Amino acid sequence: MSKVLEKFTNNRLAVEIFSIAVLILAWWVISLNFTPRILPGPLFVFNLIIQDFTEGNAAYHLGRTLIRLLVGFFAGFGIGTGLGVLTGIKRFWGNFFGIIVTIGLAFPSLVWAVLTVCWFGVSEMVAYIPITLIIFPIVTVNIREGTKAVDKSLVDMAKVFRIKKLGIIRRVYIPMLMPYLMGTMRFAFSTAWKIVTVTEIFGLTSGVGYMLAYWYHELYAAQVFAWAIIFVIVVIFIEKFIFVQIDKKVFKWRPEAKL
Amino acid sequence: MNGGKEKMTAAIEVKNLTKTFKNMEGKTFKVLDNISLKVEKEEFVSVLGPSGCGKSTLLNTISGLEPFDSGVILVNGKPVGSNGNEARIGYVFQNPRLLNWMTVEKNITYALSGTDIPKEQWKGIAQDVIKIVGLRGVENSYPLQLSGGMQQRVSIARALAIKPDIILMDEPFSHLDEITAEKLREELLDMWQKTKVSILFVTHDMSEAVFLSDKIYMMSAKPTTIFMEYRVKMKRPRNKLDGSLLKIEKKLMEKFQKKCAFSAEGIAV
């Protein structure tokens, strides 16, 4: 018996499933004391989600949110990576953009959402611009640190062996930046999620955030729950099936890498 | 050659090399002071000196990584870094300096990508040098899966792969345990004899220098210059525990002590 138990406690997936089961069970027990409109049980919410997808247009709203997220994310990540490398290598640009980045980090994200609504009205820009502007300083700071931490002894090695500049960038610099890129990507992605829903609540007429706001105005907690859970499921899916897989591929040379 | 009379060009010839550094206060001081040395083709030459005497700087200068103030460095008879000097320099560093994200074989072919050796030959060459350093079977492993000794073998294989005019070695065994280091020293001599490569080896280990070298240059820390050249005339294969090797070591140690007490402190016996 203890052997079975040991096997279970060492199996990460099994423990994770167990943990979620406990959470759902607790939720169910608490929900027994309330009406479904205020605090619905798991099964009730599950049915609502199915209904939102089959009878409503949940897929459409989810799709809109994902597209906005990706556009803003790639713009912010691209700008941030470029600036991060530049500020890490060149001292002048480090100082020049350093202060701008600090201001960017301090700027309340909600302000961008409000301002873009004032400027553009109901437009996709209301999502793209805040995501980009909030993500890029975060990415810049992280990539700048990564660029500064480059192991110069490996670059010297490549130079001694007369490797051309492009070969050094591809095989030495980029792999050394990889841990920073991956870590930043995850953090930036989760930040982008939060921002996109906020902007949708404020200034857009579609997307997960818009639906959350819609059901909030109807004061229908069960649907708010349902949409929040749709959101969480997608985030977990992206984490487990995209980021973890990329990590495994990129860092397979690390013997201790167990994710 | 002209009637066979012309002397064979040396693998490396350094003449009156001087290099200065500026410290924080802007004061200049000499890190290399009028250094001259020569490594003939197929020769195993060591530079022996205490830590901090500028041995690594010497190798970095020869390899072109660091500039120098005056003097001449000829690799294969031509100045380093000059146009048309296709001299290939293999370098085995103190730490293996492998790219941990590439397999053993890829680490070796990466060095080949800096040469004009056609790509079709890379795999074959990599296989050959992997065999020479005794690493068959781990071609597709990643460096971090290997022990320190094996990583240093990969580093040696990488240096051999480019068919170098000279291999520079910077205390390559100093980070290894003594048993592994001893084994690698013996194997290094085998590889050297098999491949007929020229080696310039830097060390602070007296017995290592005497065991490996045809010729030893002794370097002091203050001033940072070569004060003596010694030719080890012992036949190979040598035995580390041989009395005459130990006698040579004793003699050289006395020279260091005479030169200056400070230099002798940093020499391991």
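Q: In what order do the four strands of the open sheet in chain B run?
A: In this predicted model, the four strands of chain B are ordered 2-1-4-5 in an open sheet, with antiparallel pairing.

Q: Which strands are at the edges there?
A: Strand 2 (28-39) and strand 5 (78-79) of chain B are the edge strands, and each pairs on one side only.

Q: How many bridges join strand 4 to strand 5 of chain B?
A: Strand 4 (residues 70-75) of chain B is joined to strand 5 of chain B by two bridges, and these strands run antiparallel. Within strand 5 of chain B, Lys78(B) is the residue opposite Val75(B).

Q: Turning to the six strands of chain B, what is their order and pairing?
A: The six strands form an open sheet in the order 6-7-8-3-9-10 of chain B, and the pairing is mixed. Strand 6 (89-92) and strand 10 (226-231) of chain B have a single partner strand each, so one side of each lacks a neighbour in the sheet. From one strand to the next, the twist averages 15°.

Q: Do strand 6 and strand 7 of chain B pair in the parallel or the antiparallel sense?
A: Strand 6 of chain B and strand 7 (residues 166-170) of chain B pair in the parallel sense, over four bridges. Val92(B) faces Met169(B) of strand 7 of chain B.

Q: Which helix packs on the sheet there?
A: Helix 4 (residues 148-161) of chain B does, touching strand 6 and strand 7 of chain B. The direction of this helix makes about 175° with that of strand 6 of chain B.

Q: And at the other end, what joins strand 9 to strand 10 of chain B?
A: A hairpin joins strand 9 of chain B to strand 10 of chain B through six residues. Strand 9 (residues 215-219) of chain B and strand 10 of chain B run antiparallel, with five bridges between them. Lys215(B) is opposite Arg231(B) in strand 10 of chain B.

Terms used. Residues numbered from 1 in each chain as written. Chains lettered and ligands numbered in written order. Predicted model: local features only at pLDDT ≥ 70, side-chain atom pairs only at ≥ 80, totals over all residues. Pairing = 2+ DSSP bridges. Axes fitted to C-alpha atoms, helices over the stretch in contact; angles between N-to-C directions. Contact = placed C-beta atoms within 7 Å.
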